[in-house]
Amino acid sequence: MYGPSSHLFLEKCEAIVSPLTKLINLSLQTGKFPESWKHALVTPLIKNSKLDSNLMSSYRPISNLLYISKLLERCVAKQLNSYLTVNAHHEVYQSAYRPHHSTETALLRVQNYILTGIGRKEVTLLVLLDLSAAFDSVDHAILLHRLKNIGITGLVYDWFNSYLSGRTQAVHLDGVSSDSCRLTCGVPQGSVLGPILFNIYTQPIGEIASRHGVNCHFYADDTQLYMSFSVKDSSTAGNCMSNCIADIRSWMQSNLLLLNDSKTEVILLGTKQQLSKLSNLEISVGGANIKSCSKVRNLGVIFDNNMTMQDYVNNVCKTSYFYIRLLGKLQKFFEKETAAMITHAFVTSRLDYCNSLLYGISKALTIKLQHVLNAAARIVSRTRICSHITPVLKSLHWLPVSQRCNFKVALLTFKAIHGLAPSYLCDLIKYRIASRDLRSLNDILLDVPKCTCAIGSRAFVVSAPTLWNKLPLDIRTCSNLTSFKSKLKTHLFYEAFG
């Protein structure tokens, strides 16, 4: 059963759970992955609708594997993740396929670094590296060597060797499959273990960046390199980044990975005054010199030179209005509950994606996003455009945009305090330490760093404690996540609507 047929398995799971458990246990006890579970049907999916559909490079190969094989992989992945966490073998700044990590936490950490740099009147150089066919070019011998280096030996090592060897695949398109071919390298895209093994394979990249004094953050094969510097040190910073990329490129070549030089993007981030003092900075990547651009798309969020988030907000509004207009034409065919579900899927989910990065943006941009939310509310409630929107939002229990951003920041702060967030966010949270015993000692108050500029106050290290300390005591002292979210939304709801 491949992918879509898994519901048939779930319907009959009670009857086959016992023999399936025996098969999985037998695989783990013998250190062998069943040969018949190693075949994949590859479905090519176009990466972007704007790309040329006639070019093979425009497609991403997604491997559809047997549902049963994924169950076995999930059992191993759970134990592997536990082992990596207990023995501190995870790359700290790798945010893909890990509990409590996400694209939002990754971007929040990077944005925090950039905004605090701007607050110090520094410029940040950000480089986005792109790997070509990263998952498909992983060398099995090198990967097994990496596993051995982190203590995976004996029967467990044999199981991973069996899992990687002897794999086959066939391309499946429009109901027709090609002949099977044997794979000598790569981990399957679409598997459970593949992404985790890829993270282990590419761990040395972080060590290389660290040696050059360059900060890095990863999300699977998306690699970000960044560093802040004063204007007078721009030449030194550019050379340092170029040398770091050269070493990473050399390491990739020796590990059979390919850096896509043409897709590497460079951007300088800072205030208009600081950027105006810089000459055109170029970064050497392979044989090409890459010039900095005015904006980049980073894990689905657009960063502009001045970190105003204007381009990102405009893009969210444009896409959201496309779906709102479409839903407006179809709303007469939907019941209210169906309309709400579709609106959440196509509109409000876009407003909420990484909205912690929008904390403190200009009032004009907030109003733009609020107009999108208002239009979505009118679609769901079938309210005319001339009617007042506040009662509609209140009846739908929808928080306004500014409160939605505050909710996300406060939620991430709670998770950081209680160890439910990545360590790189937890490190940004500091408790307020009093010089003497005070009544407020048990109020769970956080230390707010001093910040003299408006853009620096948007950084998570400042916004998180600022918002947290303003929350009522019963919310700050809440220890249960579900209860905290409920109380926080109620508090923000009454703050918005009274």
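A residue is called buried when its relative accessible area is under 20%, exposed when that area is over 50%, and partly exposed in between, using a 1.4 Å probe and protein chains only. By that scale Cys453 is partly exposed, with a relative accessible area of 22%. This is a predicted model, in which local features need pLDDT of at least 70, side-chain atom pairs count only at pLDDT 80 or more, and totals for chains, interfaces and linings use all residues. Residues are numbered from 1 along each chain as its sequence is written, and side-chain values use heavy atoms, leaving out hydrogens and water.

**Cysteines**
- A disulfide is a covalent bond between the sulfur atoms of two cysteines.
- With a disulfide taken as a pair of cysteine sulfur atoms within 2.5 Å, the count is 0.
- Cys240 is in no disulfide, and the nearest cysteine sulfur, that of Cys244, is 6.8 Å away.

**Nonpolar cores**
- A nonpolar core is a set of buried Ala, Val, Leu, Ile, Met, Phe, Trp, Tyr and Cys residues joined through side-chain atoms within 4.5 Å.
- The largest one has 82 residues, and those touching the most other members are Phe303, Met307, Met309, Leu369, Phe460 and Phe484.
- Helix H15 (residues 401–417) supplies the largest share of this core, 10 residues; helices (H or I, at least four residues) are DSSP runs numbered from the N terminus.
- Apart from this core lies another, of 64 residues, including Leu66, Phe160, Leu259 and Val266.
- Beyond its neighbours within four places in sequence, Phe460 is in contact (heavy atoms within 4.5 Å) with residues including Leu108, Val409, Leu412, Leu425 and Pro465.

**Cavities**
- A cavity is a set of points on a 1 Å grid over the protein atoms alone where a 1.4 Å probe fits but cannot get out, and its lining residues have an atom within 4 Å of a point.
- Among the residues lining the largest cavity are Asn81, Leu84, Arg98, Ile196 and Gln203.
- H3 and helix H7 (193–201) are the elements that give two or more residues to this lining, and H7 gives the most, with 3 residues.

**Thr85**
- Thr85 lies in helix H3 (residues 67–86) and is exposed, with a relative accessible area of 53%.
- The C-alpha atoms of Thr85 and Arg98, 13 residues apart along the chain, are separated by 9.8 Å.

Note on methods
1 Å grid on protein atoms, 1.4 Å probe; cavity = no way out; pocket = protein on both sides within 12 Å on 5 of 7 lines; lining within 4 Å.
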